[in-house]
Amino acid sequence: MNRGLFQRWLRLNESQRFVILTSPVILFLTLFFVIPLASILLVSFWRTESYQLITDWNLQNYIDVLSEPSYRTFMIRSVLTALIVSITCVAIAWPVAYFVIRYGGRYKLLITLGLAVPFLTGIVLRVIALQGVLGPIGLVNLGLMKLGLPPIDALMYTKTATVVGLIYLYLPFVTTAIYLSLLNFNFRLLDAAKVFGAGNMRAFWEITWPLNWVGTVIGFALTFVPSLAESITPRFLGGADGTLYAMAMGSQFSATGTWSLGAAMGVVLFFVAGLTLLTISRLVNLKRAGFTGAGSRD
Amino acid sequence: MGTGLVQYGIRLIPDPLPGCTDTRCGPLLLSWARRMYLELKDLGKRFGTFTALSGVNLSIAKNEFVSLLGPSGSGKSTLLRLIAGLEQPTTGSVWIDGQDVTALPPYQRGIAMVFQDFLLFPHMTVRENLLFPLRMLKLGRAESEERIDWCCRILSLTALKDRFPNQLSGGQQQRVALGRGLVCRPKVLLLDEPLANLDRELRREMEVEIRSYQIQLGIPFVYVTHNQEEALSMSDKIAVVNKGGIEDFAERTEVYHNPRTKFIAQFVGRSNVFSGPVTVAPDGERSILWHGHRIGLGEALRQVNGGSASVYVKIENTLIQPGDAASEGRIPGRLRDVIFRGQYAEYIVELGSGEEIVASAIEPGATIRPGDAVLISWDKTQIDAFADEVAA
């Protein structure tokens, strides 16, 4: 390294170093995150007419989004879907992560990396593959019919199929979040709990669960927020009456060309997601999370 | 800290015998107290092909403070976990207060445990940590509060009640861990190297306190340690654990002064070791030959007349005096160094053969200086001798 440059670096004070070290990130985020987001916000207060943006400040888009019954239905449906998906993911991921940690031995890391295998293909391919499993002539229903059993209608282009697809997509994230949380959990605390009178279940709910609550919440949020904005999976698997909010929003930018309405829908989605995150963060008391750095020592 | 104990101590000891309140019950009470309270019968534990423990028999009376002393890996912690029920034994049984608890889970055994790394619940305050065992016992609110108050008082935790474990110093965490063990009034308290993470001064202080709680509570404490000073200073009896078995189980002074096996002689206390072939003089006196010195066996090892043996002389029994006139029972050497330890000093003597002998004395003798010629001797009755195993 250039000696003079290094000497100069040493002479800088804390805040100067901070500015230098963070400037690339700040630049990147400003260019590709803040500016697009700001422009969306701006556009949401404009008007679109026959595929033309008109700089005419108004609140009509928001009034439309909030009053139009179908948008409200889509939003409620999206929130419900995201809720079901993330809760189911947490419920499935917990035992998986737990058993990998407890019984994975030296293969722990390998098994965890195995969770990423579905990511080796793109999202579209994964959803189409799922279509091949769940669809009318898919693996499940074709198999059932070959055995002389009736096909399961609920799996063919329905909201249930969307939920199944989303769970499949986001399960690895939740599992990884809970896995990492359990990795730092001192399982010997369970010995203490058992010695002091707790059975297995009691020990889990008293010790393991609260001490891995943060990891669980992170896993939940990692699923909830993207599921809320998901449009590809419902388009492939959801069928005609499975339209979700983000699909309706997407079509404003393509089919109908009503960009400013789409932008307003985006802003609303942003707020709903933000509100959810805020609510979730209120559920976490870091002092109760068992993090060693949470309290001040005096 | 003591007043709380005196005040509450009497109440702590469970009613010994129903209706037994007058002094005539004394002898009966004594026999009740001497009754074996914790018994291990032929206890063994295998992990796969590794035998961690085998054939452990131990009987501990109520009121007894017993230390399991052994080097790391000797199986002493496994033994404690078997008593706790955190591990299932491969063979044998555990009896507490006349009841076979081998098949019972830890929470039905009436035991409590203090762990080396404390294992306080990090998401609970001190008060909640102390409350945990009481909640599991489904104790009433008033009773719980009273016990927690008592516990906080005797352990000086009252001011720390609402802190989280990570806001406490090591010594404070230790006291909470101990409190959690005492608050549920167990039948047996198990302690797994509870002082190992504390500094020397604090350790001394806690040794005295732990011992006083044990006397006040009148329940057996089983204390696992690899630190012989701890074991010697606190226990009534010491079980020396080695290679998955109990080498000896005896009064602490017995273990220290009359080691029953070579391992104990080596492990407990500090000794000078002399090994060599056993020779028998025409007058019948037996000795070992060590680097040209004849080391008399005295009354030890009567039955050994050949092979080789080791003689252990504790460093405090090793005497040192100035002079260079070697004679029978006096080994000449040169003082190499004096290590001052405060109450006593250690004299490191180098022999002509290059061997080292350590002698300790209370007098920081100013009369001998490093480099001086000295003579080493000891009282022949204060040696421990063991025949060496014949290498196969």
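Me: What separates the centres of domain 1 of chain A and domain 2 of chain A, taken over C-alpha atoms?

Reply: The separation of those centres is 39 Å, where domain bounds come from an automatic or database domain assignment, and chain A is divided into domain 1 (1–32) and domain 2 (61–288). This is a predicted model, in which local features need pLDDT of at least 70 and side-chain atom pairs count only at pLDDT 80 or more, whereas totals for chains, interfaces and linings use all residues. Residues are numbered from 1 along each chain as its sequence is written, while chains are lettered from A and ligands numbered from 1 in the order in which they are written.

Me: How should I read the radius of gyration of chain A?

Reply: The radius is taken over C-alpha atoms, and the globule rule is 2.2 Å times the number of residues to the power 0.38. For 298 residues a compact globule would come near 19 Å, but chain A has 24 Å, and its C-alpha atoms fill a box of roughly 75 × 65 × 40 Å along the principal axes.

Me: How many residues of chain A are in contact with chain B?

Reply: The size of an interface is often given as the accessible area lost when the parts come together. Here residues are counted instead, two being in contact if their C-beta atoms, placed from the backbone, lie within 7 Å: 21 residues of chain A are in contact with 22 residues of chain B. On the chain A side, the largest share, 6 residues, comes from helix 9 of chain A, helices being DSSP runs of H or I with at least four residues, numbered from the N terminus.

Methods
Helix = DSSP H or I, 4+ residues; strand = E, 2+ residues; numbered from the N terminus.
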